[in-house]
Amino acid sequence: MNSFVHKTLVVQLQAGDTDRFSVLAHLSYDTTDPFAVTVVFSHDGRVLARWQLDREMLGDALRRPVGIGDVRMRPESRGMWQELRMEFLGDARADGGRHHAVVFAWAPAFAAFLRETYEIVRPGREEVHVDDFLADVIAGG
């Protein structure tokens, strides 16, 4: 049984008041952390940001606005184009504000990725092996 799903998508990044530009979003899902989806954004071989997202929240965001705090997502429609809008708030800047970026992705591509994750761990069937985690923590891992 496969325990890992990976997909790379081209998404549009909008930082501040700038126009959108294309970056890569590397999505990964590993059954060792069944509640999380990792997204690594990169451009020209450089990692721009890495975020751990809640898989259930990501699925909900395809249908309705979700999130408070540092990550907010919602579906958006631009004519026939269905997008997933992801807003990320980062570390504080020197001027007292916070770094802020908005990513727009083709929603059907995210939905396809999530369907692949559901094939290996159905929603509601996630298991956390607390004993293994605690043993790792105690061992200093």
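Rings of Phe, Tyr and Trp (for Trp, the six-membered ring) are taken as a pair if their centres lie within 6.5 Å; planes under 30 degrees apart count as stacked, over 60 as edge-to-face and the rest as tilted. In the whole structure, 3 aromatic pairs were found. The model is predicted, so local features need pLDDT of at least 70 and side-chain atom pairs count only at pLDDT 80 or more, while totals for chains, interfaces and linings use all residues. Residues are numbered from 1 along each chain as its sequence is written, and side-chain values use heavy atoms, with hydrogens and water left out.

Among the pairs, Phe41 and Phe88 are edge-to-face, at 5.7 Å centre to centre and with 65 degrees between the planes. Phe41 belongs to strand E3 (residues 36–43) and Phe88 to strand E6 (residues 81–92), so the pair ties together parts that are 47 residues apart in sequence. Strands are DSSP runs of E of at least two residues, numbered from the N terminus. Phe41 is buried, at 6% relative accessibility, and Phe88 is buried at 5%; buried means under 20% relative accessible area, exposed over 50%, and partly exposed in between (1.4 Å probe, protein chains only). Ring pairs link Phe41, Phe88 and Trp51 into a cluster.

Trp81 and Trp106 form a stacked pair, with 5.9 Å between centres and 25 degrees between the planes. Trp81 lies in strand E6 and Trp106 in strand E7 (residues 98–106), so this pair ties together parts 25 residues apart in sequence. Trp81 is partly exposed, with a relative accessible area of 41%, and for Trp106, also partly exposed, the value is 41%.

Notes:
Helices (H or I, at least four residues) and strands (E, at least two) are DSSP runs, numbered from the N terminus.
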